[in-house]
Amino acid sequence: TLKGSKFICGILPIKPFIIETSGPCEGKSCYTGYMIDLIERLKIDLQFEYEFVQPHDRKWGSYNSSVQDWTGLVRQLVYNEIDIAAVPLSVNSGREHIIDFSFPFMDSSNTAVMRASKSTQNRFFFLLPFENKVWFSVIIMNFIVTFFFYLANKTSPYGRSASYVHALMSCTCKECLKHRSGQKDPNLKTLARPLTRKCLFTKGSAKDGRNGTNFYNSFWIVSSGLFGKTRGDSPDSLSGAAYT
């Protein structure tokens, strides 16, 4: 116990911890609140006496660099003018270097509350990173690249369309020779179905049924590249593949 001891407690009114009464009072009866009840309970358990004093500058305590000294309750503790600061004093590194704090009885934090702005869902949010003129430029360039892609793949001797013409003009099978000489066999329905298996035109047509040289397919091949996707029907010619 601390029987026979008397402590000077520094306080500052702050609701709800320390409330200073407005009516006529004297000494300890001028204050109420959580901290007052806590000091009174400690007094009963440890059997000591106390009195309250307030700092002359009515400040909690901070370091004044101009005079190189502390203010308020912290200054009173440093110069032993009070024994206890019976207030909810916040803990910081500067104060911890010169005074001792008891175990914290509560934690507090500051939160900034702002009014939320009204926002509506935009279905075209993926367009927001760029301005409209950028997207218009992308679309226009997409058509331009598609045109040159189609033109290069169509006219290249290594493309599918031109390779069929080349095969038709260079094949030495009977049907292709008749076609080039202007003679047509009435029993032959189409050149895509010749009687001989050595026809170069039929061999080229039988590779697959895809047609990567029309403008529609060219447009989707180029457009898929904008989204990082690749189509399986890529052009055969080197000049057409260079555009993709």
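Start by selecting Glu 49 and Lys 43: the two form a salt bridge, with the closest N and O atoms 3.9 Å apart. For this tour, a salt bridge is a side-chain nitrogen of Lys or Arg within 4 Å of a carboxyl oxygen of Asp or Glu. While you're there, color by accessibility: Glu 49 has a relative accessible area of 41% and is partly exposed (buried is under 20%, exposed over 50%, partly exposed in between, using a 1.4 Å probe on protein chains only).

A word on the model before moving on. It's predicted, so local features need pLDDT of at least 70 and side-chain atom pairs count only at pLDDT 80 or more, while totals for chains, interfaces and linings use all residues. Residues are numbered from 1 along each chain as its sequence is written, and side-chain values use heavy atoms, with hydrogens and water left out.

Next, select Arg 75. Which residues does Arg 75 link up with in a network of salt bridges? Show Asp 69 and Glu 81, and you have the network on screen. On one side, Arg 75 meets Asp 69 at 3.5 Å, N to O; for Glu 81, the closest N and O atoms are also 3.5 Å from those of Arg 75.

Arg 75 is partly exposed at 31%, and Glu 81 is partly exposed at 37%, whereas Asp 69 is buried at 17%.

To finish, zoom out: a search of the whole structure turns up six salt bridges.
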